[in-house]
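Thanks, everyone. I will take a few minutes on one chain and its contacts with its neighbour.

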Amino acid sequence: MNLKAGYFIRRVLLLIPLLVGLSILTFSISRVVPGDPVGLAAGPQATPEIKAALRKEFGLDQSLPVQYYKYVSGLFKGDWGQSLYSRRDVADDLRAFFPATLELTLAAVFIAAVLGTILGVFAALYQNRIPDHLSRIIVLFFVSFPQFWLAMIFQLIFGLMLDWFPISKRLDVLTPPPERITGMYTVDSLLRGDLETFGASVKHLFIPALVLSFGALASITRITRANMLEALDKDFVKMERAVGLPEKLVIGKYVLRTVFIATLTVISLEFGWLMAGAVLVETIFDWPGLGLYIVESSLRLDFQPIMGITIIYGIVFSTVNIVTDLLYGLLDPRIRYE
Amino acid sequence: MFYGFKATSRLVLVAIAAVIFFAAPVHASNILLYGGNQDIDNIDPATGENYSINAALRSLYDALFINRGARVEPHLVQSWEASDDSSVWTFKLKSGAVFHDGSPVTADAVVYSFNRILEISGPPSWRWAGIADANTAQALDDHTVRFTLTQPFAPFIGTLPQLFVVNPAVVEANRGDDFGQSYLKGTSAGSGPFTQGRWEIGNLYEFKAAPDYWAGWRNGSHLDGFMWIIQRDAATQKNSLLAGETHIADTIAGSDRDDVEDAAGKVVYINDGSMANTLKMNNQGKYTSDINLRKAVAHAMNYAALPAMQDIPVTVLPGPTAANFIGYVEGLDIPTYDIDKAREYLSKTPWPDGGISLDYVYVTDFPREEVPGLMLLEGLSKINITLNMVPMLWPDMVASCATPETGPDLINIYTLPGYSDPDAHLYNQYHSSQWGSFNSCSFYKNDKVDDLLSRARALPDLDARLALYADAQRQIAADQTSVWMYTEDAMIGMDECVKGYEFSPMYPITVLFQDLYMEGCN
């Protein structure tokens, strides 16, 4: 077993205690906060008998350790529990909502990475000149406005006034989604060879992802610019320029590669934030993702969805960190995994 | 990255961009696209109940009666009779009603559906709590069903639009260990005008017109189907309606009303709603148990300013019952905004100079509940009473209404009658047996009112019942149990090509899809 594989397995194994801790913490917090989710689910006219029946049906009349034990043992059987409010299986909900948010977040991160890197590189190459100032202004503009406001304005301009993009949803409502493989419409339509649906799903995805990407654009641009400036001052760059390597090669191949390690760190951090913060964009564009599910479940103190979401997010955050660590090694061969 | 794209790569990118940009939306002429503010969480008639679920249930299932407009009309029922004391109800069912699998809708199926609701004891069962048990429903023959209630209950027919009849054979085949709940929450087993099509959780739900629907279509023409498209944001609903992506938007913000009305081919229907906003005062609370203090509080609210302060059209309540709802009593002695009177009532309390503070509980980040609180805060400050604005999450508010000890001084609550009868909202809010439910958070107890409300349920004669309800409301108003604020007007935006819409106070922000049809829609 090489060092990289060993490192990877250790990191994956560390996920287990992390998820156990996370589940205990979330379970305890959600159960001890005040509130009567049963009363809420039973409806405003519910009699005490109706509430008691609901409490019993969901096992909420049992002690907390018993409830936790049943929850965890259910997880091993693939049973993520049921929403108290909608009575749907949490596993079904997560299966429906998670790919939508993942697709939106991946697209947003991609846009933010590309735009942020381009703006950052230009800002560094033209330090304290017009492109640098322009880059700063653009980034400041988009990061300063609230995301929900930008979402509504973009929807109004590009959807309603110009009619270039749809107002909402992942696909036209009368177009059936591609047969499920990953649950991400762009990926599934491509894998199925359905270019028409692919085109339609990208068209639906573009504006929501663009708006969401603004949240990460500033930090990626600024970190790229700063590291680019530092790298441009390094001896190896001076040497490459001195021996007459074309500027495209110096920047595109050597400088960017060193700069991108720091950018990658920011991207991995932003990925989590974007995913967790997608709720407003999802709401405005009716993007049926996890964002709204999280908010509604939390507001209703709907125990099982809260648990399921927490575990999924724990897995996603950890996976992103592990993948980022592995990517460091690809970008910089000097990095060793021990 | 941005260096050196080859010409062919550029060409491919341009081609992909063209495919994306020119991907045209799909249109179908007779499928109605409905922008709904809420998800359809669950379509089990025994466990699901809210406005979106009810819209789905009324489309997928049939019930003995149906709410159409402000009327309750027989649907599966051909004829019926009730005993003199309103405790025994016998219904003759129409012949020819069939489930979607072709099997007949029988009296046995009605009994099965009713008992299933009672046994599961889910949210819809509150209507029959205390008046029915497992022996109540009986099939006398294939088409006759009898309900022998455990106590007389005159408004029984009003509750029956919520008794959706399930196909027992389908439920039994999928019974599992939860009486078919796991199956029915996502799959229908009914006989209604529509069947299920695409069912995308949290996104959209397709309903297809049932071929040869047994009851026929009221207006001759009918939809081939409809899509319930979840659109949570009012601005998105408006934009989709204006862009022609939907035909109906069920949540139009007050500020968007003019935009929709000004758009060619769009219309906004505005009707007096029955969703009432009431400020419950804890009648057992430390301060608010004092009737004079309650009257002082009620006189400190600027009712006339409420319509201007809210972001949607509202109508000020004239008492416990809205003017458009059955049982409304004209000329009740209801307080107006009058600080002098507020001061006068305060002087009769143990705190004649004020100096006390009351909690006002409302839903966090919900301006429609916060605004009246701020108005009251201003009024009460003039009589030296401090109002603490206490935002709470909804589950916490529900929990606080469990007992008089945990009940807040004042709490802002929305109520919607569950059926078209004064009993639907008066009994639940003002009968002391209902303490512990969210709607009865004023913890009001008056033996005379309890007696009137109990007797009114049992009388068969409507006029006699209304007289009792009027007496009860006079007493409730005299006791100033609550501050009655307003009902929200119902606004629904539509394309003018949608025909057959009729406002129903029971379902103020949605439609009866089976009565709709489209003429000249794109």
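Chain B of this predicted model has 16 helices and 21 strands. Along the principal axes, the C-alpha atoms of chain B occupy a box of roughly 85 × 75 × 45 Å.

Taking contacts in chain B with a separation of 6 or more, 69% are between residues 24 or more positions apart.

Now a local detail. Strand β2 of chain B, residues 65-68, pairs with strand β3 of chain B, residues 71-74. The sense is antiparallel, with 4 bridges. One bridge joins N67(B) to V72(B), the latter in β3(B). What do β2(B) and β3(B) form? They make a hairpin, with 2 residues between the strands. In the turn, G69(B) has a positive phi of about 60°.

Next, the interface. How many residues of chain B are in contact with chain A? The count is 55 from chain B, against 56 residues of chain A. On the chain B side, the elements giving two or more residues are helices α1 (7-21), α7 (234-242) and α13 (394-400), together with strand β10 (225-230). By class, that side of chain B has 29 nonpolar residues, 18 polar and 8 charged.

I can go back to any of it.

Definitions and conventions: Residues are numbered from 1 along each chain as its sequence is written. Chains are lettered from A and ligands numbered from 1 in the order in which they are written. This is a predicted model: local features need pLDDT of at least 70, side-chain atom pairs count only at pLDDT 80 or more; totals for chains, interfaces and linings use all residues. Two residues are in contact if their C-beta atoms, placed from the backbone, lie within 7 Å. Ala, Val, Leu, Ile, Met, Phe, Trp, Tyr, Cys and Pro count as nonpolar, Asp, Glu, Lys and Arg as charged, and the others, Gly among them, as polar. Two strands pair if DSSP finds at least two bridges between them.
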